[in-house]
Amino acid sequence: MAQTNTANTLGSSNDDREESSPLLNMATTEEEQVSESAAAGQGGSAAEHGWTTDGLPLGHGSVVGEPMGRAQWDSGICDCLGRNDEFCSSDLEVCLLGSVAPCVLYGSNAERLGSSPGTFANHCLPYTGLYLIGNSVFGWNCLAPWFSYPNRTAMRRRFNLEGSCEAVNRSCGCIGSCIEDEFQLEQCETACDFSTHVFCHPCALCQEGREIRRRVPHPGFKPQPMLVMLPPGYQTMARQP
């Protein structure tokens with residue numbers, strides 16, 4: 001019993017010394033001030049810059065309620081020869097394939113967009129069959145666009161590209177009042193993608209080929225890491241006294 005009372009007395013005296021220690025009080029006060037200033041700094045930066053929970057500023061288009069601007073196509077649908085830049089040779093290749101072998105160009109576009117094994121064959125062979133049937137039976141390529149236009153829609157959604165309706169609305173502003181919501185706009189854009197492939201099929205394939213070659217590398221391209229070894233610097237040996 002006496003030992004218990006002695007232990008309680010020593011514990012209470014230690015607590016009193018810790019509470020009355022000015023260094024402990026000063027350290028606690030400094031920690032509280034640092035935490036308060038850090039919280040105020042985070043709140044101030046969030047209020048000033050408006051960061052979201054994903055680390056994006058409020059001005060970024062991913063914020064809910066703020067529409068993200070559509071990107072325009074790198075080249076027009078009638079720019080068959082492409083542009084005079086670093087992709088000039090690739091644009092000429094795309095123009096040649098679209099004129100002579102559209103099945104190869106379509107399969108190459110799907111391969112770059114899908115990047116999965118067998119994508120080229122799974123798209124090129126059915127397209128070739130529809131191409132031959134359409135030209136043999138109807139006299140023109142009227143069946144392959146039904147198979148190829150979803151590729152244009154997938155590109156437009158993946159790269160957030162501007163559709164035909166949005167382009168017309170941006171130019172003359174005559175479609176915005178007819179479309180009520182995003183669902184109707186997407187349906188209209190899908191119908192425009194289909195019409196583009198039906199009436200301007202070679203030009204549509206070439207435009208998609210030029211666009212995807214500027215945005216996505218070929219799946220077979222795998223850059224190898226380069227190891228650079230630097231020679232050691234000039235070294236001298238000092239003589240110890």
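Tyr127 counts as buried because its relative accessibility is 0% (buried, under 20% relative accessible area; exposed, over 50%; partly exposed, in between; 1.4 Å probe, protein chains only). The model is predicted, so that local features need pLDDT of at least 70 and side-chain atom pairs pLDDT 80 or more, whereas totals for chains, interfaces and linings use all residues. Residues are numbered from 1 along each chain as its sequence is written, and side-chain values use heavy atoms, with hydrogens and water left out.

Rings of Phe, Tyr and Trp (its six-membered ring) were paired if their centres lie within 6.5 Å, with planes under 30 degrees apart counted as stacked, over 60 as edge-to-face and the rest as tilted. The count comes to 5 aromatic pairs. Tyr127 and Tyr131 are stacked, because their ring centres are 6.4 Å apart and their planes are at 15°. Both belong to helix 5 (residues 119-138), where a spacing of 4 residues separates them by about one helical turn; helices are DSSP runs (H or I, at least four residues) numbered from the N terminus. Tyr131, at 29% relative accessibility, is partly exposed. Tyr127 and Tyr131 form one aromatic cluster with Tyr106 and Phe147.

The charged end of Arg152 sits over the ring of Trp73, 4.6 Å from the ring centre (CZ of Arg within 6 Å of the ring centre and within 35 degrees of the ring normal).

Conventions
Helix = DSSP H or I, 4+ residues; strand = E, 2+ residues; numbered from the N terminus.
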